[in-house]
Amino acid sequence: MLFDNRKPKFSQPAYSSQYKSFWQCIHIDGPLLAFLLLLCAAGLLILFSASNQKLHSIEFQVMRLLLAFGVMLIVAQIPPASLQRWAPWIYAAGLFLLIIVLISGHIGKGAQRWINLGLIRIQPAEIMKLAIPLLLAFYYHKLDLPIKLKSVLLAIPIILIPALLTAKQPDLGTAILLIIAGASVLFLAGLSWQIILTSLAALTACIPFAWYLLHDYQRQRVLTFLNPERDPLGAGYHIIQSKIAIGSGGIFGKGWLNGTQSNLHFLPEHTTDFIFAVCCEEFGFVGTLILIFLYMLVVFRGFYITIHAQDTFSRLLAGSITLTFFISFFINMGMVTGILPVVGIPLPLVSYGGSSMVTVMASFGILMSIQTHRKLVTT
Amino acid sequence: MLKRTSIKNHYHEIQLTSRRSMLAIFVISIIIGLLIARLAYLQIYKNALYTTLSTKNAIDLVPIEPPRGLIYDRNGVLLAENIPVFSLDIIPQQIPNLQRTLAALSKVVEISDSDTIQFQKQLKQHRRFDEIPLKLRLTEAEVARFTESQYHFPGVLIKARLMRHYPYGESFSHVLGYVGRINTRELGEIDQINYSASHYIGKLGIEKFYEEELHGNVGYEEVENDASGKPIRVLKKTSGKPGKNLYLTIDSGLQLVAEKALQGHSGAVVAIQPKTGQVLAMVSQPAYDPNIFVIGISQKDYQALQQSDTKPLYDRALRGTYPLASTIKPYLALEGLESGATTPEYTIFDNGTFKLPNYSRVWHDWVRNGHGRVNLSRAIASSCDIYFYQLSSKMGIKLMDDILMQFGFGAFTGIDLDGELPGVVASPEWKLKVKGQHWYPGDTTNSSIGQGDMQATPLQLASAVSTIANHGQRYLPFLLLGEQEPGKLYIAHQSMPLAPVKLRDDKFWDIVIKAMQDVVDNPQGTAYTHYGRGYTYTIAGKTGTAALSRRRIPNEEDKQESVPEKLRDHHLFIAFAPVDDPKIAIAIITENSNNAIDVARAIMDYYLGNQVNVIRQQETKVQPAGL
């Protein structure tokens with residue numbers, strides 16, 4: 001299935017104009033929806049234990065999920081062509097809001113990440129997570145692939161300006177995800193290996209300089225990542241307790257609601273950034289494999305949609321969304337298990353809190369839209 | 001570079017993104033594989049290590065204080081108990097402003113300065129989330145008042161705990177000692193683990209000597225804690241061993257009688273059961289209330305006790321060293337007979353004075369004109385000094401010291417109490433070593449009537465006189481009759497025979513004992529008048545008078561009433577009864593007072609009178625072996 005994209009699409013009955021399935025009518029991708037529901041259900045199960053069986057936090061989370069699913073359903077109704085048209089405007093609006101947040105943050109003398117609109121709070125950085133791949137896909141759609149050096153250079157400010165503004169908030173985790181979202185478009189658009197390798201080399205060379213740019217607490221995080229035991233009660237405490245939680249889970253885990261590390265508050269941030277450790281502790285190696293499998297199902301479905309997308313814009317956008325989703329949960333799992341430094345990236349769809357949940361679900365809405373808005377002829 | 005084509009190569013573009021997607025899937029699979037490998041490493045390979053760490057995180061062993069063993073007398077009368085008290089405890093961690101809370105608390109509950117000082121001391125020794133008692137023993141009214149306004153004081157709570165209590169207060173303080181809070185020095189000496197839950201430790205007396213038995217072994221609760229150290233629930237309880245209940249050889253009735261008979265005079269009484277060495281009574285007056293030491297005595301009160309002229313903290317029975325005075329005479333008489341320096345038939349003529357050859361000093365008898373013709377029996381009964389002056393010059397100090405040491409003078413008796421003093425058996429070597437002076441023949445003469453440097457504790461006196469009662473058989477005096485772990489069998493403490501005093505002829509004992517009997521029941525005896533008539537048992541005794549100053553005409557029994565009380569003589573009396581079957585041997589010292597013999601009468605009448613039968617019946621319960 002994944003490899004049959006060379007065949008003419010109209011030969012397949014599912015995409016014929018005569019016959020449209022129910023799911024296509026409502027623009028929902030059944031498998032993706034099923035995987036997402038499974039993942040969210042597993043997430044609620046873990047969160048219930050992680051939050052010490054507080055029902056009201058589950059209620060909040062369910063409400064956020066409902067909102068996010070609603071956004072997903074709405075976004076799924078928007079045809080990719082419209083998104084393509086709006087892409088520059090979305091990007092411009094996001095960037096504008098980002099600057100406003102930064103300015104008001106300066107006035108407020110503190111970290112400011114959102115704009116308060118009374119009922120809801122908008123995090124412009126979250127908008128940028130979608131706006132960057134949208135704009136780049138929009139841009140590259142008009143060009144011939146693979147992309148040339150000139151168009152790559154043009155992409156750099158498109159990615160880095162919002163990323164730096166976000167890092168300034170300071171929100172390193174989201175800034176990294178913004179760069180990943182942009183870079184993944186470049187990668188899928190055929191960024192030449194020459195450029196990939198030289199920029200990787202350049203990046204490595206920049207590390208010493210970047211060290212001076214980092215905030216003190218960010219440096220601490222990196223140092224602590226390299227050696228958690230250097231500060232077992234301070235910065236290293238998180239990762240030590242997290243490893244204890246994971247390691248003590250064993251093969252089958254301590255059982256649901258029986259994780260001592262989280263229930264007795266030894267594990268910090270156990271409902272948010274470190275919720276993966278709760279899963280490892282209570283469900284063990286086997287349970288964690290199942291969770292990872294659920295995530296991978298979503299990722300594989302994303303790639304399926306990517307490969308089957310009908311135009312370059314859709315392909316680049318779908319691929320970028322899938323890759324960004326993968327990277328975000330991988331960074332979280334990597335940091336919790338101690339193979340990556342601690343950056344504040346929550347486990348998507350499982351961590352308590354909703355700032356990124358809407359964005360993630362909106363991006364899946366785009367995937368569904370790409371999968372279900374099909375034209376007769378591939379362009 | 002190829003020129004850009006105007007027509008997009010769609011097939012090529014699809015190819016490109018698909019290829020890149022496949023590559024991404026490939027890379028993703030590899031790094032997910034890495035993540036899974038990492039999980040496997042942590043969760044399977046390192047599982048044991050992290051399980052241990054997780055358990056260590058969450059589970060705390062909380063020690064539980066074992067209940068301290070109770071102390072009973074030989075008849076099962078409770079002498080030291082644990083009473084539940086309400087204390088006001090503070091958890092410092094939960095209190096933002098300690099000073100203000102203390103100030104507010106003092107309006108509800110009376111808090112003394114010593115409470116505050118004790119609390120501050122404890123504050124430094126404990127963790128922030130431990131409960132630290134601020135005030136022990138709240139009254140019921142205080143409990144009620146505090147409970148009413150408890151919501152004003154988060155972090156302050158009322159806790160029930162067990163506290164040591166001595167129901168008889170002063171009466172047994174010197175024997176029992178007391179428990180007090182563990183101090184820094186003791187903290188270094190005790191088994192930290194076994195005392196991890198204990199706040200109190202025996203400081204003196206039986207409480208200190210049998211600390212190990214009384215304390216028991218600590219128990220544990222496995223408590224699950226959260227990250228802030230707050231206990232959530234108890235997982236497992238490992239009970240420790242409660243302290244053993246101790247039964248003392250003390251007869252509390254006898255002890256109280258002896259105490260009362262002292263009539264408030266300073267002094268000491270020790271009563272021993274000759275056939276076993278069991279100490280029946282051990283009184284030292286004045287005494288102190290041990291209960292105030294348990295609560296925590298203030299520095300001021302302690303100084304007052306310490307500096308008091310009557311020395312209430314001083315255990316006279318165990319640590320008071322007094323001149324043996326005339327109570328030395330029976331022992332010297334025994335040695336005189338044993339060495340052949342004298343015989344029962346040998347008499348001297350006492351004209352009231354004695355002179356050593358080549359010395360001008362004149363020693364006087366305590367009766368101005370002497371006792372006239374005196375044999376050994378008479379010399380003991382009427383306490384003739386001249387007879388013993390002569391005897392001593394015949395025997396020499398070496399033989400005198402020898403017999404005294406055989407009776408246990410000059411050495412620790414080995415009783416089960418700490419702090420005993422050995423007294424002094426004066427000898428030429430001792431004098432040279434301690435005083436740096438040579439021994440003169442006059443020293444021997446002084447020693448023969450128990451003056452000079454000879455010193456003994458009341459305990460030694462009692463132990464020695466019970467040896468006479470036993471015809472030389474010696475037993476180690478002891479206080480622990482038996483012990484019983486709650487719920488287990490009672491274990492009796494065996495008495496320990498010591499090397500006996502052996503004489504050539506057993507008749508010598510009878511001669512000296514008969515003479516001691518004369519002391520009390522012969523009109524010529526020194527205790528005849530004082531002891532009075534009308535007792536139903538046979539008794540042998542010996543009086544003694546320790547002159548405190550050289551102010552008066554030597555050895556004359558002058559008018560003590562004219563002398564200030566502090567300078568009056570100490571009176572000694574040693575005795576045992578009944579003579580044929582000795583059940584009790586006593587040594588009594590009354591400081592600056594001559595009622596020692598009265599005290600003896602009270603004790604003997606109580607112990608050998610009707611009372612004793614009642615006690616014996618009760619006694620069989622605790623001591624199956626009987627008297």
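View 1. Among the buried residues of H2(A) are A:Leu32, A:Phe35, A:Cys40, A:Ile46 and A:Ala50, where buried denotes 20 or more other C-beta atoms within 10 Å of the residue's own, exposed 12 or fewer, and partly exposed the range in between, with C-beta atoms placed from the backbone. After H2(A) comes A:Asn52, which has a positive phi, near 55°.

**View 2. The side of chain B that touches chain A.** Here 38 residues of chain B are in contact with 43 residues of chain A, contact being C-beta atoms, placed from the backbone, within 7 Å. Helix H1 (10-45), helix H2 (47-58) and strand E8 (219-225) of chain B each give two or more residues to this side, and H1(B) gives the most, with 21 residues.

**View 3. B:Thr529 in helix H22 of chain B.** B:Thr529, within residues 528-531 of H22, is exposed because 10 other C-beta atoms lie within 10 Å. B:Ile597 is 68 residues away in sequence, and the C-alpha atoms of B:Thr529 and B:Ile597 are 9.8 Å apart.

Residues are numbered from 1 along each chain as its sequence is written, with chains lettered from A and ligands numbered from 1 in the order in which they are written. In this predicted model, local features need pLDDT of at least 70 and side-chain atom pairs count only at pLDDT 80 or more, whereas totals for chains, interfaces and linings use all residues.

How values were computed. Helices (H or I, at least four residues) and strands (E, at least two) are DSSP runs, numbered from the N terminus. Two residues are in contact if their C-beta atoms, placed from the backbone, lie within 7 Å.
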